Amino acid sequence: MGAGHVALSQIALRGGRGRWLAIVALVIGYAIAAFALFSMLTAIPALIQQYTA
């Protein structure tokens, strides 16, 4: 995700092309990160129950 932010700033400074591609990449990256966080948070109670039972 850091590369997407750097790409957006470089495009803004230099007036290059590919702004929408960088934005789409950021959206996909943040969506994957949110899904991973949600998956971990929903798995924690099951793991705790498994080790305490």
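Student: Let's start with L41: is it buried or exposed?
Tutor: L41 counts as exposed, because its relative accessibility is 53% and the cut-off for exposed is over 50%. Keep in mind that this is a predicted model.

Student: Which helix does L41 lie in?
Tutor: L41 lies in helix α2, which covers residues 19–52.

Student: And how far apart are the C-alpha atoms of L41 and G16?
Tutor: Their C-alpha atoms are separated by 40 Å, and along the chain the two residues are 25 apart.

Student: OK, on to the packing. At what angle do α1 and α2 pack?
Tutor: The angle is about 160°, and the axes are 9 Å apart. Helix α1 is residues 2–14.

Student: What does that make them, roughly parallel or roughly antiparallel?
Tutor: Roughly antiparallel, because angles over 145 degrees count that way.

Student: Is the crossing left-handed or right-handed?
Tutor: Left-handed, as α1 passes α2.

Student: Which residues meet there?
Tutor: From α1 you have G4, H5, A7, L8 and I11, and they meet R19, A22, I23, L26 and Y30 of α2. Sorted by class, this contact has seven nonpolar residues, two polar and one charged.

Student: Let me pick on H5. What does H5 touch, leaving out residues up to four places away in sequence?
Tutor: H5 touches L26 and Y30.

Student: How accessible is H5, then?
Tutor: H5 counts as partly exposed, at 39% relative accessibility.

Student: Now the other side. Where is R19 found, and what is it in contact with?
Tutor: R19 is found in helix α2. Setting aside neighbours within four places in sequence, R19 is in contact with L8 and I11. Its relative accessible area is 48%, so R19 is partly exposed.

Student: How far is the C-alpha atom of R19 from that of G4?
Tutor: Those C-alpha atoms are separated by 9.6 Å, and the residues are 15 apart along the chain.

Student: What about V6 and R19, how far apart are their C-alpha atoms?
Tutor: That pair is separated by 11 Å, 13 residues apart along the chain. V6 lies in helix α1 and is partly exposed, with a relative accessible area of 49%.

Student: Quick check on α1 itself: what should its 13 residues span?
Tutor: At 1.5 Å a residue, α1 should span 18 Å, and its end C-alpha atoms are 18 Å apart, so the two agree. The expected span uses one less than the number of residues.

Student: And which residue follows α1?
Tutor: That's G15, whose phi is positive, near 70°.

Notes: Residues are numbered from 1 along each chain as its sequence is written. This is a predicted model: local features need pLDDT of at least 70, side-chain atom pairs count only at pLDDT 80 or more; totals for chains, interfaces and linings use all residues. Side-chain values use heavy atoms; hydrogens and water are left out. Axes are lines fitted to C-alpha atoms, for helices over the stretch in contact, and angles run from 0 to 180 degrees between N-to-C directions. Helices (H or I, at least four residues) and strands (E, at least two) are DSSP runs, numbered from the N terminus. Angles under 35 degrees count as roughly parallel, over 145 as roughly antiparallel, 65 to 115 as roughly perpendicular and the rest as oblique. A crossing is left-handed if the near helix is turned anticlockwise from the far one by less than a right angle, and right-handed if clockwise. Contact means heavy atoms within 4.5 Å. Ala, Val, Leu, Ile, Met, Phe, Trp, Tyr, Cys and Pro count as nonpolar, Asp, Glu, Lys and Arg as charged, and the others, Gly among them, as polar. Buried means under 20% relative accessible area, exposed over 50%, partly exposed in between (1.4 Å probe, protein chains only).
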